[in-house]
Amino acid sequence: METQLLEVFRTVARHGSITTAARALRFTQSAVSRQIAALEADIGARLFDRLPRGVALTEEGRELLPHAEAVLDRLAAVRRDLEDLRGLGRGRLRVGAFPTAVAALVPRAMASFRSAYPEISLSLVEGVTPRLLERLLAEEANVAVVSTSPTGELDRERFDLRHLLDERLLVAVARDHRLARRRSVRLADLAQDAFVVGSATAENSLLRASLPSGFSPRIDIVAAEWTGKLGCVAAGLGVALVPALAVRGTPPDIALLRLHPDDESVRQIFAATVRGRTPPPAVTHFLEHLRAEAAHLG
């Protein structure tokens with residue numbers, strides 16, 4: 001049954017006149033009559049009695065009317081809800097990000113998005129890139145900010161990857177370190193220094209991303225959190241490699257040095273969604289805010 005037939009039926013029932021209903025619907029009188037006849041054929045019952053002036057609902061017509069109104073009202077509500085989603089008047093957005101992206105990039109994008117679309121419920125999912133991609137597949141996140149790794153390529157067959165920026169690794173040293181006044185250093189200059197790392201194993205990929213062949217860093221201290229890692233650096237216990245996205249939280253008693261171009265490592269940062277799935281409208285708009293913040297930080 002076509003919903004237009006129900007709309008015509010409801011309009012005729014409200015006005016008690018095919019002629020008046022035709023004017024309200026901007027149809028011809030004969031078009032309204034044909035659609036009422038088509039609905040009656042579909043229902044298998046006469047819905048209106050034709051009177052000298054206008055029409056009146058039959059018993060079957062009175063039985064059908066509340067059901068027709070319920071169907072049409074529900075469809076109107078669905079259209080309003082879909083329009084709200086498209087216009088970001090309602091909805092939910094779950095954003096995933098790896099830890100250093102949460103230092104500035106993602107929170108800034110979320111803040112500007114919330115300012116533009118205050119009706120959207122926002123939540124943040126933090127984790128390492130492989131886990132974030134799993135959460136995308138499990139629909140526990142709508143979009144995730146992820147990074148490349150020297151230990152494996154991102155799966156471009158299962159995920160759509162939108163490039164945001166290229167992130168460099170910097171060297172953090174104490175302010176009184178012998179190299180603190182330099183603008184850039186070679187890793188060979190740090191051969192005497194201990195490296196402070198976040199994990200004895202997981203951090204290896206970060207180190208391997210920057211260390212040239214034959215350079216083996218001495219690792220004395222493992223500090224899981226950035227505050228502890230940088231605290232150890234500030235105290236002169238070692239140096240650390242710091243992703244550029246994390247420099248926002250760097251304390252003033254630490255100097256950040258660029259690596260020489262021959263030793264410099266760059267990892268790519270992407271916004272990932274699941275390939276083949278149509279992203280919600282909120283994701284499409286959030287990506288614009290991410291790109292703007294990435295351009296600013298870059």
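I call a residue buried under 20% relative accessible area, exposed over 50% and partly exposed in between (1.4 Å probe, protein chains only). My model is predicted, so I note that local features need pLDDT of at least 70 and side-chain atom pairs pLDDT 80 or more, while totals for chains, interfaces and linings use all residues. Residues are numbered from 1 along each chain as its sequence is written, and side-chain values use heavy atoms, without hydrogens and water.

**Asp-193**

I looked up Asp-193 and found it buried, at a relative accessible area of 10%. It sits in the loop between strand 7 (184-185) and strand 8 (194-197); helices (H or I, at least four residues) and strands (E, at least two) are DSSP runs numbered from the N terminus. Its side chain makes a polar contact of 2.8 Å with that of Arg-178 (a pair of N or O atoms within 3.5 Å, one able to donate a hydrogen and the other to accept it within protein; residues adjacent in sequence count only if both atoms are side-chain atoms). Beyond neighbours within four places in sequence, Asp-193 is in contact with His-177, Arg-178, Arg-218 and Val-239 (heavy atoms within 4.5 Å).

**Helix 6**

Next I checked helix 6 (residues 129-137), where Thr-129, Leu-132, Leu-133 and Leu-136 are buried. Down the axis, these buried residues fall within an arc of 100°, so they line one face of the helix (the arc is taken from the directions from the helix axis to the C-beta atoms). Among the elements they pack against are strand 3 (92-97) and strand 12 (266-274). Glu-139 follows helix 6, with a positive phi near 60°.
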